[in-house]
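Hello,

Here is the structure I promised to pass on. Have a look at it first, and my notes follow below.

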Amino acid sequence: MKKYFLPLIMLAIFETVAITLWLTQNNIFYLFNFSYIGISISLGIFLFIKKYKYARRVAQLLVGLYMLVYLGFICGENMQIEGFWYYLFTGVFEAATIHYAVAKIFGPLIFGRGWCGYACWTAMVLDFLPYKVPETPRKKIGWIRYITFVISLIFVSALFLAHVGNIEKIMFWAFIIGNVIYYAVGIILAFAFKDNRAFCKYICPITIFLKPMSYFSLLRIKCDKNKCISCGKCKKVCPMEVDVTDNSRKRKNGTECILCFECVKNCPKDAL
Ligand code: SF4
Ligand code: SF4
Ligand code: SF4
């Protein structure tokens, strides 16, 4: 029973959020939304414990497609960063702001970058590409993420300052066009740098929130130094180049761990 603790804890966290928002916002959508996401993520972790090879991909597709297709395309909710700015400026505590608060700002204090491993609809597609582990050295171009972050903020601020009408509709189209650009840039970079997660490492503006918050994450992979034989397999299979054998919070690329558990699966000594 002990090994099912993690999926049960995840389910409990999401159900707490679901019920709290349902009752405080008086909107049953939140009960459905966060219960669905919690069940999908817990199912992914449960399948992982059962050693199902594609466990993480199941959760990624269940959550990613739900958010992209249902919330984005069908409900017209802009869940990208410009949607977050938009709802923040209008003072509306609705889906996009709640989504950011739970998944990308405060949630990472508990589950780190679990969002990036199990739910993001951009990475959901990028993870199908052939370079699961980077085949070229890391580039020093992570500063690009600050530019994309500022551009998204300027874009939405400009719409408000210019008193543009029908911003809701512009936000819907920004979501569609933004996603097309993300996928195109993500796929091109993956092939150019031979690294599926190049977009996450250098371009994604959300990492401005995710990286500092996940530094303090409660949930993190740790190494049992008594078992470790320093074979280096964990680092060879890590898509984010995390120095996972270093238990300090300052470990190399520590704020990039997406909790994919590839290192854990491949450790010959069960040291992780
Ligand atoms: S870094 Fe950005 S694109 Fe990559 S998985 Fe996380 S949120 Fe998605
Ligand atoms: S794979 Fe396991 S044993 Fe090998 S270096 Fe990593 S933690 Fe140590
Ligand atoms: S392989 Fe391990 S250290 Fe690397 S991202 Fe996945 S869980 Fe984190």
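Predicted model: local features only at pLDDT ≥ 70, side-chain atom pairs only at ≥ 80, totals over all residues.

**What I found**

Residues are numbered from 1 along each chain as its sequence is written, and chains are lettered from A and ligands numbered from 1 in the order in which they are written.

**The fold**

The protein chain has 14 helices and zero strands (DSSP runs, H or I of at least four residues for helices and E of at least two for strands, numbered from the N terminus). Its C-alpha atoms fill a box of roughly 60 × 45 × 30 Å along the principal axes. The radius of gyration is 19 Å, which agrees with the value near 19 Å for a compact globule of 272 residues (taken over C-alpha atoms; the globule rule is 2.2 Å times the number of residues to the power 0.38).

**The ligands**

Around ligand 2 there are 13 residues, and Cys-228, Cys-231, Lys-233, Cys-234 and Cys-267 come nearest (near means a C-beta atom, placed from the backbone, within 6 Å). Ligand 3 is surrounded by 14 residues, with Cys-238, Val-242, Cys-257, Cys-260 and Cys-263 the closest.

Best wishes
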